[in-house]
Amino acid sequence: MQIKFKHQQFQLDAVQSVVDCFAGQPNRAGRFVQDLGKRQIVEVAGDTTNNTPRLDEELGFKNNAIQLTDHQILTNIQSTQQKNKLEPSQQSLNSEYNLTIEMETGTGKTYTYIRTMFELYQKYGWGKFIVVVPSLAIREGVLKTFQMTSKHFIEQYGIQARHFVYNSKQLHDIDQFASDSGINVMIINSQAFAARGKDARRIYMELDEFATRRPIDVIASTNPILIIDEPQTVEGRVAKATREGIKEFNALFTLRYSATHREDYNKIFRLDALDAYNMKLVKKITVKGISVKGANGAHSYLYLEGIDISNKHAPIARLEYEVKTKTVIIKRIKKVHVGDHLYELSGKLEQYQGYKIAEIDARYNRIIFTNGEVLEAGEAYGYVDELQFRRIQIRETIQSHFERERRLFTNGIKVLSLFFIDEVARYRQYDENNKQINGIYAEMFVEEYNRVLAEQISTFPNDPYTKYLESIEVEKTHKGYFSIDKKKDRLIDPKFSAREPNSDDVDAYDLIMKDKEKLLSLTESTRFIFSHSALKEGWDNPNVFQICTLKHSDSTLKKRQEVGRGLRLCVNQQGERVDSSMTEFKVHDINVLTVIASESYDQFAKELQKEIADTLFERSKQVNEKFFEDQILENIQGERIRIDFSLSEKLVKSMLIAQYLNMDSELTPAYFKAVEQDAVIWHKEFEHYTSELIELLKTVYSENQSISTQNSRENNVKDVNVNHNFQKKEFQELWNQINRKSMYTVRFDSQKLIQDCIMALDLKLHVPVLRYDIAYGAIDQIESKEQLLAGESLQMRETHVVVAESSTQSTIKYDLIGKLMDETDLTRKTIFSILKGIDSKKFDLFKINPEEFIRRTAKLINEEKVSNIIASLTYAILNETYNSDIFTQNTLNGEWGKNAIPVEKHIYDYLVTDSKIETAFAQHLDISGEVQIYAKLPSKFSIPTPMGKYNPDWAIVFTEKDVQHIYFIAETKGSMDASDLRGKENAKIACARKHFAQLNKDKVKYDVVDSYEKLIEIVKGNTK
């Protein structure tokens, strides 16, 4: 497998932010000559392409010096910061250019800074780069990323970046670094600066084998761009030697990349934890916490693993308790029911007297005993020693792995689980013949794995996933990645030192990184990875879905570091990242990271939330008048509004009235609930800017917005089998009416498209002129220092608008046709015909605002293109059908009290909905006398359209006067107004109408409704 890399907008934005800071810099190469005789390095002015150096000279290439002034660069930086909604820098640069790029763990910062190198080379001719990393681990990760992205960047830019790791004994790499005119990257770890041996000093020594030159002088002569990976560690408080050594490189400027910067130098881009989660760029985090109660031995040992629910029987609890055998007392996990008495089940152990199960409560994941004791899932009572606690963690990890793997197996997604341990001997030991034997954790793993596997086989004997599991030997499915004692050929614990507190675990990292793609293949047996707890930054794998730390919780491994090893979005067997671009998936349904914590859920979640909050100190926490003032909003129609203080006041008041803000000006749970339900109410002047305001408010940090964790044990509605409704004749008839697949054909008239576009542009194309809002204010009197500091002394007196004069002599040259080709995917000939046919006066609009002219023209052309496609689209019904397995293999993943409700007329006993509108709609269906059976259609049931796959919502069987009416509802929407639906959404609905019309004109009906009442109105109208 080879991982494929996509062009992701947030990464492109981060790259562009760096490039924009040097806008105006000329693109040309810098040259220098090394006089080997005089040991001097001299800059060469002008073009030296045809100059032949003397025998005692050597020609080198350097980054051309920055030609901009400090003021110009600061202006560029401030402009970039404003575009990215960051606080503009104010300090003087003093010809030292330091830029900070903040990117959350798992979002691809290494890829981003490598791509930045290519863009800087292409834009300004800068090709010399030095990457400084804090550890050998991260160095291995950076090297692997260079290797994996090599083909990707060659395809994108047509050139390759030459990269090497600094080695004081391989001086030819430095010579090539200096003499090559392309992109050259030297990677060096910060320990090299702190080393004290002779090899470390060689970089500062005149060396005979290096023509009596000092390597540092040759490197510095190239004026490299310095990239510091994880600067909070590289330049930390104990890294004085590194900070001093970096200065010797004579860097042109410095870029710093991290998720957790200790100090910001002109931050120009931010993609923090809040952004990454909201944009669904990282996995959703769920936590299985384990808490122990009655640890003093006052309680009998009990551990509630979980509760199973099914339509075939009442809820069943999976409970671990002690059982007396003929010789010993052992712990066993059994499925228990209401009425079971543990005293009898345990072999009459006295400690279980009174422990009779009174209730198994699936809604709250708990069992209640007749003696009043309550045990919640994930809780243990009684004495629990450390090994028993670790066994519970291992068992929970394996169970979570199987649950996740079973759901993703048919999608071709490999599932990995990662165990952190702090001592190799607990996983792997060696006998007197140096033969490997399992440590205590490996023994526990094998025992628990076999138990969970046996349960899977008995429950799903003929399932393809079960066959996959049976093909894997248990000893081959787990593997340890640790350092190796090469003399004894044994796994060993990593070495630590004062200079390298993270560990020198290079062998482990090397093994993991080299096996990265191999681990992602379903043909590779390894699914469970044991490694050392020192794993921090530097290694992760996109398909880690479970992380378990088998060690005492302490400060050596932060919660964010722990979850960071599994945050990346997963990839499938084709190496494609499963993200928002893959429309058949909901990102956070597939990408879920489960942490099996060594403490309770509440404790883990609280600490993780605090660590995340500590990184968001820059974000505003209050939403007041000043937050909104001077913001400019633009809606999808291109209408703009500038929020002055008066409008800001109205907006804040309306949010207070709607209870979206509390008295401390903080966003409330009511606001986030309204956003989730698409039901936010604004002041009337902002009713057309809803999405823009929501985007703006995403920059606010609120403790009421859960961005980190979800209790995995609350997710207790899953793997529910279809019920008796599914087998009923009426539903099977409905299914046979709609299960045939189709294909579409598009044959539209190009000339008609051209004429429609010309007409639309002549009628609808308008471009706003560039204007400036000018405000005049004055200070009448200053009543207090506080009034002055608050900015309340300056009163607005007068405002007016100045329209900018258009310039017909723009210095920027536009390829108008080329731009419109990119935006519309039409040929140059077609675009030319459209532009040739429109009113020539429309081109005056281009002179006023070229960018806006291009954007609005492309939008109108795309609208006409979609209309023409739909108008000329026809469907042909195929003989191929969808198998009913899409229902029986469907997995329900819901939570009581949130999106899961019990139902009677559905084909499952429980219904998981996507919104409050769907929940209300389903509840009406369930009590309706006109409805006999209904189904929420699985995502695998889809209709092909030119805009991508389309998955309808509901299939419903109606009964009226003993006549079966089969009716098919595509969507439940909050609004049926076409103007409220997005263009792509509208187009898919139009295609669906054609599909169902062709499928069966008599029995299958299709429409869009916003409520049950609207549904009945349509049904009655169609059945009279």
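For this notebook, a helix axis is a line fitted to C-alpha atoms over the stretch in contact, and angles run from 0 to 180 degrees between N-to-C directions. I am working with a predicted model.

**Entry 1: a helix pair**

I started with helix 27 (residues 750-764) and helix 30 (residues 828-837), whose axes come within 9 Å and cross at roughly 45°. That angle makes helix 27 oblique to helix 30. I then looked up the hand of the crossing between helix 27 and helix 30, and it is right-handed.

Next I listed who touches whom. Helix 27 brings Ile-754, Cys-757, Ile-758, Leu-761 and Asp-762 to the contact, while helix 30 answers with Thr-830, Ser-833, Ile-834 and Gly-837. Sorted by class, the contact of helix 27 with helix 30 holds 5 nonpolar, 3 polar and 1 charged residues.

**Entry 2: the inside of helix 24**

Which residues of helix 24 (residues 690-697) are buried? I noted Glu-692, Leu-693, Ile-694, Leu-696 and Leu-697. I also checked what these buried residues of helix 24 pack against, and found helix 21 (625-628), strand 29 (632-634), helix 22 (645-657) and helix 23 (669-676).

**Entry 3: an open sheet and a helix across it**

Here I traced an open sheet of 5 strands in the order 12-19-13-14-15, with mixed pairing. Strand 12 (291-293) and strand 15 (329-336) are its edges, each pairing on one side only. On average, and with direction ignored, neighbouring strands of this sheet are turned by 30° against each other.

I zoomed in on one pair of neighbours. Strand 13 (residues 302-308) and strand 14 (residues 316-324) pair in the antiparallel sense over 6 bridges. In that pairing I picked out Leu-302, which stands opposite Tyr-321 in strand 14.

Then I asked myself what lies across strand 12, strand 13, strand 14 and strand 15. My note says helix 13 (residues 386-408), and this helix runs at about 10° to strand 13.

**Entry 4: strand 28, covered on both faces**

Why is strand 28 (residues 592-596) largely enclosed by the rest of the structure? I counted, and 5 of the 5 residues of strand 28 are buried, so the strand is largely enclosed.

Ile-547 stands opposite Val-595 in strand 28. A reminder to myself: strands of a sheet pair through backbone hydrogen bonds, either parallel or antiparallel.

**Entry 5: two positive phi values**

Last, I looked at backbone torsions. Lys-348 has phi near 65°, a positive value in a residue other than glycine. I placed Lys-348 in the loop between helix 12 (342-345) and strand 16 (357-361). Is Lys-348 buried or partly exposed? Its relative accessible area is 47%, so I wrote down partly exposed for Lys-348.

Asp-630 went on the list as well: its phi is positive, about 75°, although Asp-630 is not a glycine. With a relative accessible area of 48%, Asp-630 is partly exposed.

Terms used. Residues are numbered from 1 along each chain as its sequence is written. This is a predicted model: local features need pLDDT of at least 70, side-chain atom pairs count only at pLDDT 80 or more; totals for chains, interfaces and linings use all residues. Side-chain values use heavy atoms; hydrogens and water are left out. Helices (H or I, at least four residues) and strands (E, at least two) are DSSP runs, numbered from the N terminus. Angles under 35 degrees count as roughly parallel, over 145 as roughly antiparallel, 65 to 115 as roughly perpendicular and the rest as oblique. A crossing is left-handed if the near helix is turned anticlockwise from the far one by less than a right angle, and right-handed if clockwise. Contact means heavy atoms within 4.5 Å. Ala, Val, Leu, Ile, Met, Phe, Trp, Tyr, Cys and Pro count as nonpolar, Asp, Glu, Lys and Arg as charged, and the others, Gly among them, as polar. Buried means under 20% relative accessible area, exposed over 50%, partly exposed in between (1.4 Å probe, protein chains only). Two strands pair if DSSP finds at least two bridges between them.
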